[in-house]
Amino acid sequence: MNRINNTAKSFNYEWEMSKHFDTQFDWDNIVSVFLNETGMPKEWFKGKHCLDVGCGMGRWMSALKQLDADVIGTDISEEAVKMSKKYGRVIKSDLFNLQLAEQFDFVICDGVLQCLEDSRKGFHELLKYCKPDGIVHISVYEWKNPLKLFLTNLLRKRVTKKTLDERWEFSGKLANLVVNRVMYAIVNFFILASKSQFTNFDNYSTPINHYFKEEEVIKWFEEEGLRWEIITPNGWKIYNNIFMRFLKGKNNGKIRFRGIK
Ligand SMILES: C[S@@+](CC[C@H](N)C(=O)[O-])C[C@H]1O[C@@H](n2cnc3c(N)ncnc32)[C@H](O)[C@@H]1O
């Protein structure tokens with residue numbers, strides 16, 4: 001319970017900060033960004049019943065609304081609920097306590113499963129809300145190499161002991177530290193580092209962040225008897241070179257999957 005509260009507090013702070021700092025979300029083109037990232041055709045969504053689990057600021061709820069789908073969002077963060085409710089009904093709830101009687105044509109859970117204590121169980125939970133033949137879209141952070149994982153987790157352990165303001169400050173310092181290209185390459189070799197304060201906060205302030213290999217997540221889909229595919233949005237880099245995979249992961253740090261129930 002404490003973990004959930006700490007996760008919610010961290011995201012409350014992050015979403016509050018998003019009002020004043022650049023999240024790097026392209027709100028002006030949110031529909032095309034959504035279609036590109038989910039790999040779905042525009043026409044598919046009209047009149048569809050959709051669920052956005054861990055909806056955050058509601059960027060995908062906004063896209064779904066503009067695509068004439070009807071959408072329900074859920075999140076544990078009070079601030080997320082406040083921000084996203086302009087796009088549809090939003091329920092403040094932990095994924096594991098979500099007691100919705102209905103099922104949906106499209107369930108999206110973007111960047112959420114990795115912050116759960118048991119991501120695999122969370123995936124199973126999601127599927128309860130997906131209609132037979134419905135689509136589930138998930139994204140998770142990608143595993144890169146054991147050294148980076150160890151050092152990143154060690155740093156997170158220290159950072160999460162700080163106050164939220166201190167974590168935000170740390171995230172800014174890390175972003176500033178890495179503005180120089182050479183410095184960025186060096187720092188990013190050892191720990192997860194971004195040039196954005198917002199992304200650093202997302203990585204280091206959340207109490208849990210799991211990183212997955214493609215094959216681990218493929219196993220979830222296969223165990224659940226789903227047809228699946230990995231989505232590679234246009235413009236997204238795939239690394240085949242061993243060194244770049246070590247540094248950034250095969251899928252550049254984030255893996256997107258579509259499953260059909
Ligand atoms: C990285 S953000 C992603 C937000 C959104 N899906 C997006 O792509 O913009 C993760 C979100 O998941 C929410 N979250 C974390 N754990 C959750 C849980 N157990 N149940 C529901 N939401 C959760 C957080 O509060 C946060 O808003």
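## Exercises: a ligand shell and an open sheet

The largest share of the shell around the ligand, three residues, comes from α1. This is a predicted model, in which local features need pLDDT of at least 70 and side-chain atom pairs count only at pLDDT 80 or more, while totals for chains, interfaces and linings use all residues. Residues are numbered from 1 along each chain as its sequence is written.

**Exercise 1.** Describe the shell around the ligand by residue and by class.

*Solution.* Next, look at elements, meaning DSSP runs numbered from the N terminus (helices: H or I, at least four residues; strands: E, at least two). Both α1 (2-17) and β2 (70-75) supply at least two shell residues each. Finally, sort by class: nine are nonpolar (Ala, Val, Leu, Ile, Met, Phe, Trp, Tyr, Cys, Pro), five charged (Asp, Glu, Lys, Arg) and six polar (the others, Gly among them).

**Exercise 2.** Trace the order of the strands in the sheet, and find its edges.

*Solution.* Pairing here takes at least two DSSP bridges between two strands. On that basis, seven strands make an open, mixed sheet ordered β3-β2-β1-β4-β5-β7-β6. Now zoom in on β1 (residues 49-53) and β4 (residues 104-110): they run parallel, joined by three bridges. There, Asp 52 stands opposite Ile 108 in β4.

Note on methods. A residue is near a molecule or strand if its C-beta atom, placed from the backbone, lies within 6 Å of it.
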